[in-house]
Amino acid sequence: VTLHVDGTAGPSLSLKAPSRPLGGTCVTTPQVAREFLDTVTCLCEGWTAEELPMSYSVRVEGGEWSSPSFRNDMRVWLLEGSFEVAGKVTDAAGSDTEAPSQGVTVVAGSAPSIAVGQNSSNGTAAAPSQD
């Protein structure tokens, strides 16, 4: 925008439309996870933005976006079921891009258990000391 006074060009101002982060991906792994055992990770990389730094958020279908983080690898723990997980990249000016969501299936799993007094090196069990 240039201001003209009496036909003479005066001060000018350049305006630029804000741009969003571009060019990256957010990949969710694994596609099949075990409940209570596996962490689901949404890794966002390859993004560029004019306004730095960028922050990253993750959302599980039906939920809210996580608080922004400067870490590009966001981890979530899910209960048994099928979910869509998406990543979002936001630049310092507040412009954001949401990556396409990806499906994750979480199957039943149980944490390994070790019996009290079990010797893990040879698999034998010993009674607790009575001292």
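1. What is the mean pLDDT of the protein chain, and what share of its residues reach 70 or more? The mean is 85, and 82% of the residues reach 70 or more; pLDDT is the predictor's confidence in each residue, from 0 to 100. Over residues 118-131 the pLDDT is below 50. Beyond near neighbours in sequence, this stretch has nine contacts in the model, a contact being heavy atoms within 4.5 Å.

2. This is a predicted model, in which local features need pLDDT of at least 70 and side-chain atom pairs count only at pLDDT 80 or more, while totals for chains, interfaces and linings use all residues. Residues are numbered from 1 along each chain as its sequence is written, and side-chain values use heavy atoms, with hydrogens and water left out.

3. An open sheet has three strands in the order β3-β5-β7, with antiparallel pairing. Strands are DSSP runs of E, at least two residues long, numbered from the N terminus, and two of them pair if DSSP finds at least two bridges between them. β3 (25-29) and β7 are the edge strands, each pairing on one side only. From one strand to the next the twist averages 15°, with axes fitted as lines to C-alpha atoms and angles running from 0 to 180 degrees between N-to-C directions.

4. Four bridges join β5 and β7 in the antiparallel sense. Opposite Leu43 stands Asp73 in β7.

5. Leu78 touches Glu35, Val40, Val60, Phe83, Val104 and Val106, leaving aside residues up to four places away in sequence.
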